[in-house]
Amino acid sequence: MNKKIPLWLALLFLWFSFIITIMFGWAVWHVYNDSQRAQHQISKASRLAIFIASTPHLIKESFKELSQPRLLVRFSYPGIRGFKVKKNYIDSNYLLLSTYDRKQDQSIVRLIRLSDQKTIHQWKPDFDQIKKFTEKENSFWRDTNKYDVRLFHPLLSSDGSIIFNDNLSPLIKINKNSKLVWTVNGSFHHSLEFDAEGNIWAPSVIPNSKFLSKVSVGYMDYAITKISPDGKLLLQKSVAQILMENGYRGLLLGTGKYEADLLHLNDIQPALTSSRFWKKGDLLISLRHKSTVFLYRPEVNKIIWLKTGPWLDQHDVDFIDSSRIGVFGNNIIRYSDSYSKLVDGYNEEYIYDFKTDKIETPYTEFLKTANVSTISEGRSDVLSNGDLFIEETNNNRLLRGNRNEII
């Protein structure tokens, strides 16, 4: 026997549903507006509201991953495709290309001769061996599927070995035959560089850091890290502490809302020679989330020069000659962790001259015409003849150009 629900009961249910919806919306609004607070200050009720509100997004992402579980396959390019050059132009350089190879079903590194686009050497890391060797000290490889491992910015040694990391992974060195040489435990990320003595400088994150613990939970304490050629940790220094000890507390804590990724260290460039403006061994350091670049002298713990902008959220810094540095500015506004927008519609290469204290942007025409527009990552190099090389990472493009045109 079917019973009809009384009208008053249905209306009461709709009324309570309306009130609950309003209250839940208010809770989410409250959490959003208080998001600048440190994580440990957010209440359990607020965390629950965040979890419920994000459930549809989590379901969507889950189905997306199930339909295409191997993330890096989407970014695979086993060689150079669509290679285009100016008429009669021959590039005598070589390209070290880190990529996911579909046929070999893993990430590899290739050394490619650009004159004929031929692979002349290949490195294929044994991820099972690396996992076995490192999993006791670090959970990264134990918890990571080898199909999702990306070889970040491989650094090529003169003996044919390469050094690499995945994002926030231990540092790995393999020889020219892809055999494991050494590992350094830790959370390394972004670019790796040699100094004049052959030591490796790498960005890292200090685990379980107590720095800023009074005002934050989950703070990523970025550090500059120096590794010897044989894989020994020589130095690790918190960038936040460097800023505090050099009088930049306002830059560290007083600009914008609090976020766990407060600095986003992404490049450390050692000076290989001395000049009027820096000493051999000084470090040029890039802090993306502060749009700031500074020169640091490790031996005396002193920042000798610092500049914020006009570059925005830059991702690469380089010494060019005895007075100039280059800065690859992504030039974006970060609205959230998942959404950013280009300010001018393209990336920019800034050239700062210590001699004149002036900034130039000589490659604007090339970058604008080529629509170079990677939101994150990205690398640049001003070559010895004045050409500019670009890795437009998000868009899977490599470009070379000059002040006027694409080469």
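The model is predicted, so to speak, by rule: local features need pLDDT of at least 70, side-chain atom pairs count only at pLDDT 80 or more, and totals for chains, interfaces and linings use all residues. Residues are numbered from 1 along each chain as its sequence is written, and side-chain values use heavy atoms, with hydrogens and water left out.

Confidence comes first. The protein chain has a mean pLDDT (the predictor's confidence in each residue, from 0 to 100) of 87, and 86% of its residues reach 70 or more. Over residues 35-40 the pLDDT is below 50, and this stretch has 16 contacts (heavy atoms within 4.5 Å) beyond near neighbours in sequence. Residues 68-74 also have pLDDT below 50, with 16 such contacts in the model. Where pLDDT is low, the predicted coordinates should not be read in detail.

Turning to the rings, those of Phe, Tyr and Trp (its six-membered ring) pair if their centres lie within 6.5 Å; planes under 30 degrees apart count as stacked, over 60 as edge-to-face and the rest as tilted. The count comes to 8 aromatic pairs. Trp 311 lies in the loop between strand 15 (302-308) and strand 16 (316-319), and Tyr 350, 39 residues apart, in strand 20 (residues 348-353); strands are DSSP runs (E, at least two residues), numbered from the N terminus.

One aromatic cluster is formed by Phe 277, Trp 278, Trp 305, Phe 319, Tyr 352 and Phe 354.

Note on methods. Helix = DSSP H or I, 4+ residues; strand = E, 2+ residues; numbered from the N terminus.
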